[in-house]
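Hello,

The model we discussed is below. My notes on it follow.

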Amino acid sequence: MASAAARSLARHELFAGLPADALGALAERMRPRTFTAGEALCRAGEPGDALFLVLEGLARVSLPGAEERPVARLRRGDVIGEMALVTGEPRTATAVAAVPTTALELSRDDLAAVIGEHPQVLANLNRILSRKLAATTARVERPRTRGEAVALLAGESLGAVVPTLVAAAAAASPGSVSSLEAGPAPEGTIAMLDDALLEHRTVIVVAPPEPQLVGPLVDEVDRAVAVVSRGAELERVRACLPAGTLVEVVAAPEADERGRLLAAATPATPVVRWATREDGGLAGDDSAWVGRHLARTKLGLALGAGGAKGYAHVAMLHALESAGYVVDVVAGSSIGAIVGAWLAQGRSAAEVEATMREAWRPEAIADIFKLSLGGGSTGLDTMTRILRETTDDETFADLVVPLVVMTVDLDARRAAPVTDGPLWQALLAATALAGMFPPHERDGRRLVDGIALVPVPVDAAVEAGADVTVSVNIISRRTLPAWPGEQPPSEEPRGRSRMLDALLEVMDLAQLDASERHAARADVVVTPAFGPSSWRDFHLADLFLEAGREAAENGLEELRSLARPQLSATST
């Protein structure tokens with residue numbers, strides 16, 4: 001047992017850097033403890049006079065008043081109680097064995113002796129404390145020490161698709177993916193799962209929706225996904241779940257089953273994807289999506305405000321498409337919302353570029369920016385026509401990719417993401433820029449351009465379901481003194497107003513910090529470097545495209561470490 005304990009200690013960051021003989025001596029100091037299922041290792045409010053290292057089994061950690069909803073799970077090699085042991089404060093959480101569990105207990109006096117002999121432990125502890133303190137005020141990623149366990153519950157009508165879904169997850173993940181069949185004994189499954197989680201980024205535990213398996217299984221994993229095609233299968237899954245458990249559902253309805261599936265769906269079993277059946281399985285695009293969902297690699301694109309510089313967004317689409325990435329969610333502000341809408345309609349990068357060039361022809365730009373005697377633009381009718389024509393009068397319900405159009409509610413003074421209704425109306429609100437167009441009236445609200453509060457809507461992409469996010473920020477401090485290689489064309493749109501130019505330039509400057517701050521929330525931040533230009537310079541389209549292309553290629557290098565390219569079935 002001592003050697004097993006020493007190996008487990010070596011994997012925990014509290015004891016990182018200790019030599020093998022020190023780990024062995026530490027293991028000898030620890031007292032073996034056994035806990036039956038339902039027995040507490042420690043309870044909130046008790047004195048923190050010892051820590052516990054789990055050797056075998058599983059324990060659930062919960063907070064006072066919410067015992068039925070675990071906040072964490074302790075598996076082989078995990079430690080609990082180290083913070084209370086050092087601070088002297090009472091324990092803040094309860095850990096209860098889910099199955100028969102073996103642990104080693106280390107007292108405060110023994111830990112003090114270890115720290116005296118090996119100051120590295122104190123340094124490790126200070127680092128853990130600092131990170132936990134920082135996590136209260138900022139999003140801080142904990143170093144990955146084990147993989148994620150995902151239960152895949154497949155109804156018998158779709159059991160044959162499981163190997164395809166596991167393979168799709170492996171194809172999408174930058175790390176290793178493993179799968180195992182849930183056994184009838186929870187202890188055996190937990191032991192296999194613990195071993196697999198130390199070696200793989202994602203471990204998919206496959207089980208049919210049977211009560212004796214699903215109940216214990218969903219308590220052992222980090223999340224659960226069910227794949228069903230019949231309402232009766234979803235009802236069976238729902239009946240198996242312990243209180244407070246969430247299972248995401250991918251539904252591929254058989255004939256006349258959509259209504260029953262809708263009726264069987266609940267907040268605890270939400271349908272996250274309506275898939276298409278194909279030869280008894282799932283269509284290729286749907287299988288690939290489920291794979292990305294299992295591997296947490298669904299790609300979200302956040303496209304920022306910036307007018308003509310939005311041609312850089314098109315360059316990002318070209319780069320992603322060429323590399324083989326599928327965009328699962330898109331969110332945009334201002335021009336980013338327009339480009340995002342065209343993408344969400346299912347258009348290729350080349351089609352989006354062609355649409356953009358046709359929409360923003362010189363005569364249309366001149367009309368849009370023409371000012372009235374009162375100082376505002378007289379081009380609202382032109383903008384409305386362009387948005388209706390280029391979106392084919394479609395609604396959000398017609399889209400093939402989820403879209404969030406970011407606007408701002410003037411009366412509520414907060415962001416107002418739009419996800420339903422006619423596309424052109426949402427885009428009209430998203431481009432209602434002060435000094436040009438009046439606020440767009442919708443449901444009693446006055447909506448304006450999202451640039452006012454959320455220039456790059458990364459959080460909206462995450463809330464819509466993205467696992468990995470890429471932001472494209474086109475309002476940046478990164479300005480080149482001159483365009484590389486050549487001078488920009490001298491032609492400028494007719495009828496430009498210096499008053500409006502100055503007003504919009506001031507607005508751009510005011511959004512520099514906000515754009516950079518919001519864009520930085522993404523996993524991959526793409527910031528093109530433009531030469532001297534304004535967001536009204538649509539005649540510099542080719543230069544904006546080239547700047548975007550260079551920045552996008554750099555961003556792809558970072559993206560590959562987070563998600564692997566995975567072509568959709570329609571693009572192969």
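Two strands count as paired if DSSP finds at least two bridges between them. Helices (H or I, at least four residues) and strands (E, at least two) are DSSP runs, numbered from the N terminus. This is a predicted model, in which local features need pLDDT of at least 70 and side-chain atom pairs count only at pLDDT 80 or more, while totals for chains, interfaces and linings use all residues. Residues are numbered from 1 along each chain as its sequence is written, and side-chain values use heavy atoms, with hydrogens and water left out.

Sheet. An open sheet of 4 strands is ordered S2-S7-S4-S5, and the pairing is antiparallel. At its edges are strand S2 (40-42) and strand S5 (72-74), each of which pairs on one side only. S2 and strand S7 (residues 94-97) run antiparallel and are joined by 2 bridges. Ala40 stands opposite Val96 in S7.

Lys309. This residue is in the loop between strand S17 (299-303) and helix H12 (311-323). Lys309 has a relative accessible area of 12%, so it counts as buried (under 20%; exposed is over 50%, partly exposed in between, with a 1.4 Å probe and protein chains only). Neighbours within four places in sequence aside, Lys309 is in contact (heavy atoms within 4.5 Å) with Ile474, Phe530, Ser533, Ser534, Trp535 and Phe544.

Helix H21. Phe544 is also among the buried residues of H21, which include Leu543, Leu545 and Gly548. The elements that cover these buried residues include S17, H12 and helix H14 (349-359).

Regards
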